[in-house]
Amino acid sequence: MDTDVLVVGAGPTGMTLANELLTAGVSTLLVDRMARRSGLSKAGGVQSRTLEALDQRGLLEPLLATGDHPVAAGHFAGIPLPLDSDGHRLPWRSVPQVVIEGFFERHLAEHGLHARRDHELTGLAQDEDGVTAAFADGSALRARHLVAADGAHSTVRSLLRAAFPGQPGTLTIIAADVRLGGTDPAASHTWNEDGHWAALFPLGTDAQGRPLRRLVLGGPGRSLPRETPVTEDEIRDGLTTVFGTGVRLLELRYARRITNASRQVERYRHGRVFLAGDAAHVHLPLGAQGMNTGMQDAFNLGWKLGAAVHGWAPEHLLDTYHAERHPAGAAVLRNVRAQSLLMDWAGTRDPDVLATREVFTAMAQLPDVRRHLADLMSGTAVRYPMPGTGAHPLVGRPAPDLDLGTARVHELLRSGRGVLLDPADAFAKLAAPWTGRVDRTDRVAPGAGTGPMLIRPDGYVCWAGGDGLEAALGHWFGEPS
Ligand SMILES: Cc1cc2nc3c(=O)[nH]c(=O)nc-3n(C[C@H](O)[C@H](O)[C@H](O)COP(=O)(O)OP(=O)(O)OC[C@H]3O[C@@H](n4cnc5c(N)ncnc54)[C@H](O)[C@@H]3O)c2cc1C
């Protein structure tokens with residue numbers, strides 16, 4: 001074997017996974033076909049759940065220290081959600097994808113992991129013991145496991161002939177990175193009576209400190225074939241149509257057409273090969289869910305591969321990656337489809353759509369509905385199915401970041417091991433055989449407000465309450481040693 005795990009694709013999914021594998025102490029190779037990292041701005045923000053997961057690895061503070069990354073306003077289908085609507089300790093942050101990729105690249109390099117660039121995977125074969133990957137330059141690498149984080153047009157997915165069902169793209173819209181002058185449009189989403197619309201999101205500043213924006217434009221007649229180059233005139237025309245002559249295009253840095261294709265791979269696991277990120281799911285870019293969902297795939301998969309490589313993974317553990325992340329991805333695809341319908345991306349002005357939007361907008365003012373939508377867009381609504389490890393309401397959910405008096409729960413997870421909160425010091429003997437995989441702590445301040453709880457390395461509660469701890473430890477952390 002050249003390595004334990006070969007990660008194909010050094011985008012946000014691949015780099016997050018590489019970091020999880022390093023944390024798990026697994027030898028990892030990361031390859032990418034591009035000679036250098038793309039400088040394109042893509043997703044613009046980090047959801048609460050991703051911020052939590054970064055905090056669980058001690059990466060949140062250093063990431064936020066890379067620049068000015070303000071708390072960002074969320075929205076669902078263009079309906080603003082108030083900043084604090086999810087009451088979350090870590091509300092949504094505006095951190096462009098390029099910043100995240102640069103941050104991970106430096107962080108991995110500091111830990112000795114440099115992506116092998118100019119390395120395009122072209123072939124794949126797997127057997128009982130491992131996977132052999134062939135590259136365009138004629139070289140080959142062999143690994144125990146391979147993860148396809150090679151994006152929406154995944155080569156690995158094609159080579160596996162993996163079913164990728166869903167809806168093909170039926171329309172395109174324009175996404176552009178721009179600098180604007182003139183009147184500042186107040187709203188992030190603006191619709192015209194004739195169906196033309198525009199959305200604007202902050203993208204930080206350029207080298208001279210001038211604000212950059214992501215502009216998204218759509219409406220009747222705007223849906224051209226995907227390959228058609230976007231012209232400056234088209235952007236100017238779009239701006240004038242929606243905002244009038246008050247808003248001017250000062251600089252067009254980059255523009256492309258994106259489609260509303262919505263697809264999800266049928267199986268996330270193919271033997272020793274796993275699909276993650278855009279390689280597993282594609283949808284319209286709404287709320288940076290593509291990047292965040294990919295990073296969450298990586299947090300879910302990393303420790304499980306670590307357990308398999310170290311030889312203590314229970315038989316079913318690697319299968320739980322599909323069982324947990326496929327429903328989570330499907331939920332994202334559903335909310336994106338609902339949003340694109342409510343936003344009338346096609347610019348149809350269909351009276352049924354407008355009526356639905358009106359009713360939905362009124363409903364979205366109700367506190368419980370706002371909370372539900374905010375949880376959805378924060379990534380915190382995910383509950384993993386965990387059959388067999390208890391019916392406690394916390395099971396399957398992200399662990400609350402309680403202050404235990406000595407440390408916060410998320411700080412305890414920085415080891416990359418599981419955590420057992422044992423406030424009554426009742427489980428020392430029972431949990432001892434899992435030492436090295438699970439850190440038990442009874443240093444819980446009386447006011448911390450928690451009972452016993454078992455938390456996986458990815459921060460999800462996998463047991464809580466009274467009975468069944470031994471079975472849960474065996475279920476998630478393997479045979480006692
Ligand atoms: C221009 C653009 C704008 C976007 N804007 C938004 C947005 O505003 N909001 C939003 O939520 N999302 C947006 N997205 C989507 C978001 O960027 C993706 O969801 C995110 O990048 C997914 O990360 P990933 O790591 O899974 O895949 P990617 O970031 O696509 O990374 C895949 C990597 O694999 C490499 N690769 C591909 N094939 C091979 C191969 N055969 N061998 C080796 N390496 C290979 C590629 O070079 C690439 O580096 C945008 C995407 C693009 C392209």
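Let me start with helix 7, residues 289-310, and helix 8, residues 319-342: their axes come within 10 Å and cross at roughly 175 degrees. This is a predicted model, so please hear every value as computed from it. An angle over 145 degrees counts as roughly antiparallel, and that makes helix 7 roughly antiparallel to helix 8.

Which residues of helix 7 meet helix 8? They are Gln289, Thr293, Gln296, Asp297, Asn300, Leu301 and Lys304. On the helix 8 side, the residues they meet are Thr320, Tyr321, Glu324, Arg325, Gly329, Val332, Asn335, Val336 and Gln339. By type, this contact divides into 4 nonpolar, 8 polar and 4 charged residues.

Helix 1, residues 12-23, packs with helix 4, residues 97-110, at an angle of about 30 degrees, and the axes are 10 Å apart. Angles under 35 degrees count as roughly parallel, so helix 1 and helix 4 are roughly parallel to each other. The crossing of helix 1 with helix 4 is left-handed. From helix 1, the contact takes in Pro12, Met15, Thr16, Ala18, Asn19 and Leu22. From helix 4 come Gln97, Glu101, Phe104, Glu105, His107 and Leu108. Here the division is 6 nonpolar, 4 polar and 2 charged.

On to the strands, with strand 7 as the reference. Strand 7 covers residues 140-148 and runs parallel to strand 1, residues 3-8, with 5 bridges joining the two. Within that pairing, Leu6 stands opposite Leu146 of strand 7.

How does strand 6 pair with strand 7, parallel or antiparallel? Strand 6, residues 131-135, pairs with strand 7 in the antiparallel sense, over 4 bridges. Thr132 stands opposite Arg142 in strand 7. Strands 6 and 7 form a hairpin with 4 residues between them, and in the turn Gly138 has a positive phi of about 90 degrees.

Strand 7 also pairs with strand 16, residues 273-275, in the parallel sense, over 3 bridges. There, Ala148 has Leu275 of strand 16 as its bridge partner.

Last, the salt bridges. The structure holds 30 of them, and I will show one. Arg144 forms a salt bridge with Asp4, and the closest N and O atoms are 3.0 Å apart. This pair links distant parts of the chain, with Arg144 in strand 7 and Asp4 in strand 1, 140 residues apart.

How values were computed. Residues are numbered from 1 along each chain as its sequence is written. This is a predicted model: local features need pLDDT of at least 70, side-chain atom pairs count only at pLDDT 80 or more; totals for chains, interfaces and linings use all residues. Side-chain values use heavy atoms; hydrogens and water are left out. Two strands pair if DSSP finds at least two bridges between them. Axes are lines fitted to C-alpha atoms, for helices over the stretch in contact, and angles run from 0 to 180 degrees between N-to-C directions. Angles under 35 degrees count as roughly parallel, over 145 as roughly antiparallel, 65 to 115 as roughly perpendicular and the rest as oblique. A crossing is left-handed if the near helix is turned anticlockwise from the far one by less than a right angle, and right-handed if clockwise. Contact means heavy atoms within 4.5 Å. Ala, Val, Leu, Ile, Met, Phe, Trp, Tyr, Cys and Pro count as nonpolar, Asp, Glu, Lys and Arg as charged, and the others, Gly among them, as polar. A salt bridge is a side-chain nitrogen of Lys or Arg within 4 Å of a carboxyl oxygen of Asp or Glu.
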